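Please examine the sequence and the structure shown below before reading on. The briefing then treats the model topic by topic.

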Amino acid sequence: MSEIEDKYISLLTDFGFKRIFGTDMNKDLLIGFLNALFEGSHVITDVKYLNTEHLGDVYAERKAIFDVYCETDNGEKFIVEMQNAYQEFFKDRSLFYSTFPIREQGVKGHEWDFHLNHVYTIALLNFDMHEPAFDPDRISHTVKLCDIDTHEVFYAKLDFIYVEIAKFNKSVDELSTTFEKWLYVLKNLSRLDRQPQSLRDKVFDRLFTQAEIATFTPRELREYEDSRKAYRDLKNSLDTAKRDGIKEGLEKGRKEGREEGRAEGLEEGMEKGLKKGFEKGRAEGERLNSIAVAKELKAMGLDDDAIMRATRLSASDLAALFTK
């Protein structure tokens, strides 16, 4: 018997995200979200879903598994990912993933002139990225290849879009744009017991219908329960790792503060030491996130593919972790 009391699924779970954004029957919802993200600067009319699993050119190369991968009617490629946990080399991973839709456009033979269609990598982040290059007051960030002196765009057909949904804190009564409405449901859908009046239109009516748990088949319900449990285990592990990291950081900060205080004056030294300690504590907590979660999921009996999707660890990372 199901223990789920929520009326709507969580879009932060693997099952919920892919049901709403990664199925052909709901592609209008993905189109609606993407158009809201671009806020009129780009209009998408149709998408075709592509294979989400990609292998390298040879068997030994790493593979990439996307949450959602699609192509518009004019050939533009979109990777859309939900990322719940910080990953040390997340920017590297974003770049690596973008190479697959770039390389697959290569045409064999001598006639290809190297023309490429636009590639978008869109990462929805359920955490604060703490990226120095980003405006801390903004939630959505677009990265392009630019000249560092003129700040002019050098190559306009490769976009990395990072959306820090964890930083979005507006209430349902404060929503003013369609994009803000999407951010709200991404973060809060499972907490709602009814569809708010401000989220009533053709697209959101369909979203709430597709997200209603009472309409699920027994198999869908089991899959969602497993996905929700994996998400909650992940969240608990993250919270624990962060607390441990902050505690360790404070201890290091006090020690370094005392040492620097002797040289620079106690108050200034303590301030610098605590700042360093907090930074080290956060970094340590984030480093432990993926490892702690992987161990818990392994103990639960999840297979390696499921663990890799939940933690974003690679197959070689898992092999090194579980053969120690």
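The structure is a predicted model. The protein contains nine helices and eight strands. Of its 324 residues, 45% count as buried. Among contacts with a separation of 6 or more, 60% are made by residues 24 or more positions apart.

**The nonpolar core**

- In soluble globular proteins, nonpolar side chains tend to be buried together.
- The largest nonpolar core in this model comprises 50 residues. Phe21, Ile122, Val163 and Trp182 are the residues with the most contacts inside this core.
- Helix α2, which covers residues 27–38, gives the most to this core, namely eight residues.
- Which residues does Phe21 touch, leaving aside those up to four places away in sequence? Its partners are Leu11, Leu29, Leu30, Phe33, Tyr49, Val68, Trp182 and Leu186.
- One of these partners, Trp182, is also among the residues with the most contacts inside the core.

**The cavity**

- How many cavities of 30 Å³ or more does a search of the whole structure find? The search finds one.
- The largest cavity holds about 40 Å³ of space.
- Its lining is formed by Glu81, Phe90, Arg93, Ser94, Tyr97, Thr121 and Ala123.
- The greatest share comes from α3, with four residues.

**Cysteines**

- The count of disulfides in the model is zero.
- Is Cys70 buried or exposed? Cys70 counts as buried because its relative accessibility is 0%, and the limit for buried is under 20%.
- Cys146 has a relative accessibility of 41% and therefore counts as partly exposed, since this class lies between the limits of under 20% for buried and over 50% for exposed.

**Asn188**

- Asn188 belongs to helix α4, which covers residues 178–188.
- Why does Asn188 count as buried? Its relative accessible area is 11%, and buried means under 20%.
- Asn188 and Ile9 are 179 residues apart along the chain, and their C-alpha atoms are separated by 9.8 Å.

**Residues with a positive phi**

- Most residues other than glycine have a negative phi. The two residues below are described with this in mind.
- Glu39 is not a glycine, yet it has a positive phi of about 50°. Glu39 lies in the loop between α2 and β1 (47–49).
- Glu39 counts as exposed because its relative accessibility is 56%, and exposed means over 50%.
- Phe114 likewise is not a glycine and has a positive phi of about 75°. Where is Phe114 placed? Phe114 is found in the loop between α3 and β6.
- Phe114 has a relative accessibility of 62% and so counts as exposed.

Note on methods
Residues numbered from 1 in each chain as written. Predicted model: local features only at pLDDT ≥ 70, side-chain atom pairs only at ≥ 80, totals over all residues. Heavy atoms only, no water. Core = buried A, V, L, I, M, F, W, Y, C linked by side-chain atoms within 4.5 Å. Buried < 20%, exposed > 50% of the residue type's maximum accessible area, 1.4 Å probe, protein only. Helix = DSSP H or I, 4+ residues; strand = E, 2+ residues; numbered from the N terminus. Contact = heavy atoms within 4.5 Å. 1 Å grid on protein atoms, 1.4 Å probe; cavity = no way out; pocket = protein on both sides within 12 Å on 5 of 7 lines; lining within 4 Å. Points joined across faces, edges and corners; volume = space filled by probe spheres on them. Disulfide = S-S within 2.5 Å.
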